[in-house]
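Hi there,

Here is the structure I promised to pass on. Have a look at it first, and then read on for what turned up.

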Amino acid sequence: MTLEQEGRVVLVTGASRNIGRAIALALARRGADVVVHVARDRQAGEETASSVMAVGRRAEVVQGDLAYPEIAMRVVYEAAEAFGRLDTIVNNAAIRPEAPFAMLTYDEWRRVLAVCLDSAFLVAQAALPYLVNSDCASIVNIGGLTGHTGATHRAHVITAKAGLIGLTKALAHELAPQITVNCVSPGLIDTKRQGQTEKTPQHHATRTNLAGRRGLPEEVAEAVAYLCGPSARYITGQTLHVNGGAYLS
């Protein structure tokens, strides 16, 4: 593997575990120094940072709830100050609660959109002054299969993930040609959930794909790493689906 990201700095939001941690490691293995963002679980973020340092790259942990503008600005500032630059933003922070639409409260609706969609807007906007100084700047948003297919009990999550597709296309237009903006949309990924606070989504029981298995966080991370790299400079405004052929099954 070539060190195509050597000398570059990446901020990965929601990088405490699962897909976020895998993305941080994939970019570190390509030579990037990584700023690991966590909302609450500082210890898990430190574990991700330790894994990054174990492959020979620098890592820092930044913490805060990105749903709030002032915190998002502070997190991006700390990320840029950590290593003196910022080349890539990976907007992975998300929450995915489930509730029947008839019982979904407005506060629950707003909270999901704030964490999944508003945070991507806030982080990308705050990062612009740093990204414009990079010769290989990129933004990658992490979407989701149900943002394209729909599912029950996830009106808020699906709306937020679908919104990320629109944001990706809008920013691709506005920030070209200097900054590429793309989306990676995982489907049926084998992730570990946090005890009783996160249950397996209902739609997982009926989803199938051609691969006949769930994907790995590392497989999503490889797609993200490609879109962040110099070989993907002619790709922008796109959504790359990593779902084992779910649309064809």
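Predicted model: local features only at pLDDT ≥ 70, side-chain atom pairs only at ≥ 80, totals over all residues.

Seven strands form an open sheet with parallel pairing, in the order S3-S2-S1-S4-S5-S6-S7. Strand S3 (59-63) and strand S7 (239-242) each have a single partner strand, so one side of each is left without a neighbour in the sheet. From one strand to the next, the twist averages 20°.

Helix H1 (residues 18-29) lies across S1, S2, strand S4 (88-91), strand S5 (137-142) and strand S6 (179-186), and runs at about 175° to S1. Helix H6 (residues 155-175) also packs on the sheet, where it touches S5, S6 and S7. The direction of H6 makes about 160° with that of S6.

Finally, H1 has a helix partner. The axes of H1 and helix H2 (residues 42-54) come within 9 Å and cross at roughly 20°. Angles under 35 degrees count as roughly parallel, and H1 and H2 are therefore roughly parallel to each other. Their crossing is right-handed. On the H1 side, the contact involves Arg21, Ala24, Leu25 and Ala28, which meet Ala44, Glu47, Thr48, Ser51 and Val52 in H2. By type, the residues of this contact are five nonpolar, two polar and two charged.

Best wishes

Notes
Residues numbered from 1 in each chain as written. Heavy atoms only, no water. Pairing = 2+ DSSP bridges. Helix = DSSP H or I, 4+ residues; strand = E, 2+ residues; numbered from the N terminus. Axes fitted to C-alpha atoms, helices over the stretch in contact; angles between N-to-C directions. Contact = heavy atoms within 4.5 Å. Parallel < 35°, antiparallel > 145°, perpendicular 65-115°, else oblique. Left-handed = near helix turned anticlockwise from the far one by under 90°. Nonpolar A, V, L, I, M, F, W, Y, C, P; charged D, E, K, R; others polar.
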